[in-house]
Amino acid sequence: MLYNYHTHTTRCRHAKDSERQYIETAIKAGTKVLGFSDHVPVAGFPEGYYSGFRMTPEELPDYVETLKALKKEYKQQIEILIGFEMEYYPAYFEETLQLLAPYDYDYLILGQHRLHREWDDLEQVCTMAPTPLRLTQYVEQVVEGMKTGVFSYLAHPDMLCFEEGDEDGRRLMEKICITANEMNMPLEYNLLGARAKRRYPTERFFRLAAEHNCSIILGCDAHSAKPLFDPKTEQEAYEFLARCGVTNITDQIRLRK
Ligand SMILES: [Zn+2]
Ligand SMILES: [Zn+2]
């Protein structure tokens, strides 16, 4: 991939390999821009609640400093960007942005892995059933997050998706496409979902996105170094998107500065 903005590190506790291994693999793959976007630390969770799939606030300085040093070291070979993948939890949104504010980071991507405030709704979005109630909550939370204007793109928009033939669900998800266009935000084709044969990306969502001529971006969602060099999955992504009628594909995102 020439550009990839969706990369994790071991701080999220479900990834492996060092940042250096990710970078070396990306260089071999001919990547020009490698953006790290590990799961953001959330500020303000209740005392005693531990979110098991993200770095803690205490790990934040090391994340940024490690990447800053590597960015400098590798600057002749590859551009390293520093970002975060973040849910939109209205209750912790401002506080989390304040936690990040002292750090020099390049972008945020929106990835809604849980609903409500997380600790009060532990069901994972990636496996929950797309009931009308769940789908409505998901779309409302994601659309509200998109409208804050702080996110550069929406990761795995169809992690929860309407079923084939569910017209109401389709109309709901349409709001994500409309908002993406309003906010000039690309929607991600998630290569991890494709590689791992998860239930997303879905053709039905990307056909809908194509109808709205939404801008689509490929995201590796690497949780180890190897997927950063995977031309086969990338090729399949382009074929999938072509089948869905997607013509508007981008590799550029808005950076904070
Ligand atoms: Zn992850
Ligand atoms: Zn994600």
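Is Glu87 buried or exposed in this structure? With a relative accessible area of 3%, Glu87 is buried, where buried stands for under 20% relative accessible area, exposed for over 50%, and partly exposed for what lies in between (1.4 Å probe, protein chains only). The model is a predicted one, in which local features need pLDDT of at least 70 and side-chain atom pairs count only at pLDDT 80 or more, whereas totals for chains, interfaces and linings use all residues. Residues are numbered from 1 along each chain as its sequence is written, chains are lettered from A and ligands numbered from 1 in the order in which they are written, and side-chain values use heavy atoms, with hydrogens and water left out.

Glu87 takes part in a salt bridge with Arg54, at 3.1 Å from N to O, a salt bridge being a side-chain nitrogen of Lys or Arg within 4 Å of a carboxyl oxygen of Asp or Glu. This pair links distant parts of the chain, since Arg54 is in the loop between β2 (33–39) and α2 while Glu87, 33 residues apart from it, is in the loop between β3 (79–86) and α3 (93–100); helices (H or I, at least four residues) and strands (E, at least two) are DSSP runs, numbered from the N terminus. Arg54 is buried as well, with a relative accessible area of 2%. Side chains of opposite charge can pair when their charged atoms come close.

The structure holds 17 salt bridges, and one of them is formed by the side chains of Glu73 and Arg20, at 2.6 Å from N to O. Because Glu73 lies in helix α2 (residues 60–73) and Arg20 in helix α1 (residues 19–28), the pair ties together parts that are 53 residues apart in sequence. Glu73 counts as partly exposed at 46% relative accessibility, and Arg20 counts as partly exposed at 38%.

A further salt bridge joins the side chains of Glu203 and Arg207, at 3.6 Å from N to O. The two residues are 4 residues apart in helix α7 (residues 203–211), and are therefore separated by about one helical turn. Glu203 is partly exposed, with a relative accessible area of 28%, and Arg207 is partly exposed, with a relative accessible area of 32%. Through salt bridges that share partners, Glu164, Glu203, Arg207 and Arg243 are joined into one network.

The zinc ion (ligand 2) is coordinated at 2.1 Å by Glu85 (OE), His113 (NE2) and His156 (NE2), where donors are N, O and S atoms within 2.8 Å of the metal (3.2 Å for Na, K and Ca), and the site may look incomplete because water is not among the atoms. Along the chain, the donors of the zinc ion (ligand 2) follow the spacing E-x27-H-x42-H, and 5.4 Å separate this ion from the zinc ion (ligand 1). Glu85 lies in strand β3 and His156 in the loop between β5 (153–154) and α5 (167–182), so the pair ties together parts that are 71 residues apart in sequence. Glu85 counts as buried at 0% relative accessibility, and His156 counts as buried at 1%.

Backbone geometry was also examined. Most residues other than glycine have a negative phi, and most peptide bonds are trans. His156, a residue other than glycine, has a positive phi near 25°. Arg13, likewise not a glycine, has a positive phi of about 70°; Arg13 is placed in the loop between β1 (3–4) and α1 and counts as partly exposed at 39% relative accessibility. A cis peptide bond, with omega about 0°, joins Tyr200 and Pro201, and Pro201 is found in the loop between α6 (191–195) and α7.
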